[in-house]
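Subject: The structure to look through

Hi,

Here is the structure I promised to pass on. Please open it next to this email and follow along as you read.

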Amino acid sequence: MSMSSKSGTAGLSRRKFLQVSTAAGGGLMLGFQMGGALAQAPAPKKYVLNPNAFIAIARDGKVSFQIPQEEMGQGVYTSLSQLLADELDVDLANVTPLPAPPSDALYASPKGRRQSTGGSTSIRGFYTALRQVGASGRAMMVQAAAQQWGVSAASLRTENGQVIDDAHGGRKLSYGELAPRAAKLPAPQEVTLKADKDLKYIGKSVKRLDTPDKVNGKAQYGIDVRMDGLKVAVIAASPVVGGKIARVDDSKMKAMPGLQLVALDDLVAVVGPNFWAAKKGMDALAITWNGGENAKINSDAIWRDLEKGSQQKGAIAKEEGDVEKSLKADRFDAAYEMPFLAHAPMEPQNFTVHVKKDGTCELWGGSQVQTATVKAASDALGIPLEKVTFHNYMLGGGFGRRLATDMVTKSVRVAQKVDGPVKVIWTREEDIQQDMYRPAYRNAMSASLTKDGKIDGWTHRIAGGSVIAAITGGKPLKDGLDGDAVEGAVNIPYAIPNLRVEYAQTEPKALNLGWWRGVGPNNAVFAIESMMDDLAKKAGKDPVAFRLAHLGNEPRLKAILQMAAEKSGWGKPLPARTARGVCAQHAFGSYIATITEVDVTEMGKINVRRVTSIVDAGRTVNPDTIAAQVQGGLLFGMTAALYGDITLKDGRVQQRNFNDYRMMRINEAPQIDVHVVPSTEDPGGIGEPGCSAGPPSLVNAVFAATGVRIHRLPIDRTLLASRKIA
Amino acid sequence: MVTLQINGQAHTIDAPDDMPLLWALRDIVGLTGTKFGCGIAQCGACTVHVDGKAVRSCMLPVGAIGNRAITTIEAVGDTPNGAKIQKAWLDIEVVQCGYCQSGQIMSATALLNRTPNPDDSDIDAAMAGNICRCGTYVRIRQAIKNAAKSA
Amino acid sequence: MSKKNFGIAIAVIAVVAAGIGAWMVMIPGPTAFASGSTVALADYKDANPTGVPKEMENASLIARGEYLTHAADCVACHTAKNGGQPFAGGLAFNLPNIGTIYSTNITPDKETGIGNYTDAQFLAALHQGKRADGQNLYPAMSYTSYTYMTEADALAIKAYLFSLPAVHAPAKQNKLSSPFDNRSLMGIWNAFYNADERFRPNTAQSAEWNRGAYLAEAMGHCSECHTPRNLAFAMNNRKKFAGALTAGWRAYNITADQKAGLGAWSDNDIATFLSTGHADGHGGAGGPMGEASDNSLTFLTAGDIRALVVYLRSVPAQDSDLPRTVNTPAPVSHREGVTAGLDSRGEKIFAGACASCHDWTGVSPVSKYATLTGARAVNDPSATNVAQTIIAGVDRTTVNGKIFMPAFGTAYSDDEIADVANYVTARFGAKGAQLTAKDIASLRKQVAQQ
């Protein structure tokens, strides 16, 4: 199959691009730039990409790609390079991926308006677009060679960064040689993409480009930034949201040489020559906070609010059939709850900032939102966007934490008081206690079954805080709806004739909310798949068979669920208190069927033995990366299901570090088998869906092993101890 | 002033005795491959070798090291087992974000130094102190076994 | 009468009966073990064993009071956990079957502290266990030890306390079950168990010994934790310093016992342990002893520490129920050693959360304070202090800097903590503990909390 589509052009002049790339400071070799004449090209009808912004070819043939998305472990540097290199027809070994500078105009995903790496959108957004960019570049190389040799472009072919003229003895010109001529050509208005059979990199598990430097210590993350005169600051923000400094006693800190106290209304920082000095200075401070009203909030109160919220009618996100009528007979009610969660990426939050005397500001750090980072700094300083330069680095984990810019704002505020550049580092305790937390949710659900054990009616009311409201500064939601909060619930894969999904916005006090890997579907899939298991039991059906019976409209999910059952040995006998649990989901454009096997000790300790996941992510770019993302996502989700719980006492987050915000370790990790099935459907997202697939299959396995249904995460193991011990 | 033997070179640095080695490496010597993760020896991101043994540098004061040989991620590839582990890591694409991997590799190399053919129990004992938030554990286990088998 | 009240009544009768029994046979005084005879302080001819050390004799009253306040370790009980204001009280003592008592505010706040106390009232509190309003204090306040303190020293402490900023901190309401909520009953108890006499030097002992005795008994009140109590909760000096369980922590045998007392410790080990809360080969002080070290003993002069060593050395050996301390490290490999083949639950958690600092050998690669080998707690098969340390962690500020171990009590369940404590005592100590989740739950309840 070949895809033909119009290639885009962008109304940006070459000069503009040069400015942008200089600002990036990435040392680009601009031997060739496509689209030098693009300013005269017809205005694009809709969103288009400027190939110029993505590809640079040096005279020696080395190719750099400006990667719009952030590399945070999901392999996007490699997969986006695969898309470009395949169509450009260059050797991937000659490609250097570089972080693109901040620019919504140049680098926003065709699926979004902002430059942002989140929501499992990179491949979905850029799959076709970057192939077109690559194909445009290749066409221009061919055109340049045709001009130079005075032959028809149609008679030429390309291979590994060279244009070859078979009709003339196979003479060759390298892209590096052609670059200056190609740079003067207009970009083609239409390109033909490679046929599937000709693809060299796309769909292949090629080696990742970012990993060699990650095994020898050379990879640079934001926290690794070094420069002359760099100071280091340790920060402590009010432990209660909205709190202010009441008093700072710095008498002991003052006795330590080389330290500077920065006290700003709601945050304190100690600046020193290195982290250790600053940390000791911070430890020597006695800070008294005035927490205000929020200092009265405890977790219990938030759970009570959520319960109340779930008893109120919510905004209707979806309604089909006659729900009231269908629920009249033999109705089953249940509630499933999810706690607040911190992200805890391995690289604690940090930003390096130099607020300069000339009114400009330079930033170094890792962010999932490059342009929003610039805006946050510009807002904090009250200076125009152009005065802010941002150097983006590898992320030591994102998971949604670095979609927020609170760490940029705080760092800039500290840096304003510091002479010269300062690296502001969050301790792990500060990182966990000053997060933008995944909201807690309560899902109030009801369902009824037909006589033959099919679901007839279904209501799903989700009560919880809105991340969308949080990031828009608490603006009222349009029609009371938050599309993210109900994602996964409105697109439930099961065929149910009478169905209603509601969102009951219930904002928690004293906690800031943010995106967390797996976002809305984490909650919805957990609730749906728990409910499906409960209903299967009520109907007296096998959990897999019960789901299959409702997947008439979802052949892709049905197929992989059958495959998962087969590969996991579903139905084969297991020892006592050992069982399998299932989760079937459609989220982020991908399908995953997961079967998890656990055993539960007499004391209620859960051992996760084995996980089998079958993935249909549509067309793939790098199947091994898909498998890796699902493996990792499963463990990320299961860690939360087993341990993740952010609680509040007197308005303060009680968890501090990995001793009390616990992580699954290698000796708890199960064997995981991920199978990626071939598909010619549109590519799906894969960074997040593994995350939502883990917890439901885990609690359903626990249910099968013990008969105990878990209604709130994390799993309270004391509920699982066998009766003779309890 | 403290003198440390780092990657075969003596470094005399101006640091108080109680400064953890991690910050001496990162902020003074300029070796940033060793990572800060938790500061309380719960995550392993800061693992280095002291006389060939895996040690959490975030809790090890420089004043307590003396003349013992420190090896960091930047130089572990010069050792036979370090090179084997690094290669095994790349061969099966263990790494995701990579932030914890310096520590993982240091722990895994120390394991091979002591136990040339580790089984699952050895791997659990040596690696359970290293947290990976991306969830690369399954591949870490496989890569260690592959490295042990490689020549 | 409910079942519960009936039980309490029986307990009260038992306590009173036991108290009378004890009275009949007379519990010896704290220093009665020593040979020789005692005289009133005024009649003692050798160097004065009370007051501040010689080098501080000319210091101001407040400076002397500060030294003595450290020596008496008032701050330990009169400060709430987790950042409570020093001396402002609020620390909870959870007494099983009795209830909860809160320490009070001893800052000079006139309304909620002791700002209105006269000298006589202050002395009555320290010597007789009487509040300013004449009501009895509970013996959670160590007045049965402080009663041996000289008036001059007590008033120097008062002068120091009155020099501190007043903190407004109303007393928390004690939660005591009947009959313990009746303070007047303490009067009877005091008649039995509070000697209400000042320190009497022993003429047959050295001046150094007498100084050590004064510091240990009248000031540092070592006995309050280290001497077992009888049924009426009075210190049983017949088993002086034999070790006891106090507030959920085990205070160890500090007699001359070779096996598990201080018999096998050198003078230098004891001195170092007292002044720094750690001695190589013997482990570190945790829990309340860690606090005693950091809040009190570390401030004592080298001479006073020496005097304490001399005095401790003289206490006769009391048999200990602890096995002989194991001083050899465990094997390098987790597969070897006494834990090989044991249930792996504790080992699994140890591998993830503990081995990084404590190593599989028990000898810490990062800090001598984290070495388990030889530590008393690890060699205690009850694993009481091991479990408490796992639950609460260690956060000490010592003369050698900060000593830190994270607290695992919130994210790890009772059965997990039991598993780890059992594993640690088996692998690194003399005998593996057999704690269960229920034991851990009980230990959690006993500790002093905010």
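At 28% relative accessibility, A:R171 counts as partly exposed (buried means under 20% relative accessible area, exposed over 50%, and partly exposed in between, with a 1.4 Å probe and protein chains only). The side chains of A:R171 and A:D165 meet in a salt bridge, 2.9 Å from N to O; the term stands for a side-chain nitrogen of Lys or Arg within 4 Å of a carboxyl oxygen of Asp or Glu. In general, side chains of opposite charge can pair when their charged atoms come close.

Before you go on, please note that this is a predicted model, in which local features need pLDDT of at least 70, side-chain atom pairs count only at pLDDT 80 or more, and totals for chains, interfaces and linings use all residues. Residues are numbered from 1 along each chain as its sequence is written, chains are lettered from A and ligands numbered from 1 in the order in which they are written, and side-chain values use heavy atoms, leaving out hydrogens and water.

Which residue forms a salt bridge with A:R442? The partner is A:E337, and the closest N and O atoms are 2.8 Å apart. This pair links distant parts of the chain: A:R442 sits in strand β20 (residues 441–449) of chain A and A:E337 in strand β15 (residues 331–338) of chain A, 105 residues apart. Helices (H or I, at least four residues) and strands (E, at least two) are DSSP runs, numbered from the N terminus. Both A:R442 and A:E337 are buried.

A:R157 and A:E159 also form a salt bridge, with the closest N and O atoms 2.8 Å apart. Here A:R157 is partly exposed at 33% relative accessible area, and A:E159 is partly exposed at 39%. Over all chains, the structure holds 71 salt bridges.

Now for chain C. It has 16 helices and nine strands, and buried residues make up 55% of its 450 residues. In helix α10 (residues 267–276) of chain C, the buried residues include C:D269, C:I270 and C:F273. Among the elements of chain C that cover the buried residues of α10(C) are α11 (287–295) and β8 (394–398). Just after α10(C), C:G277 takes a positive phi of about 75°.

Enjoy exploring!

Definitions and conventions. Contact means heavy atoms within 4.5 Å.
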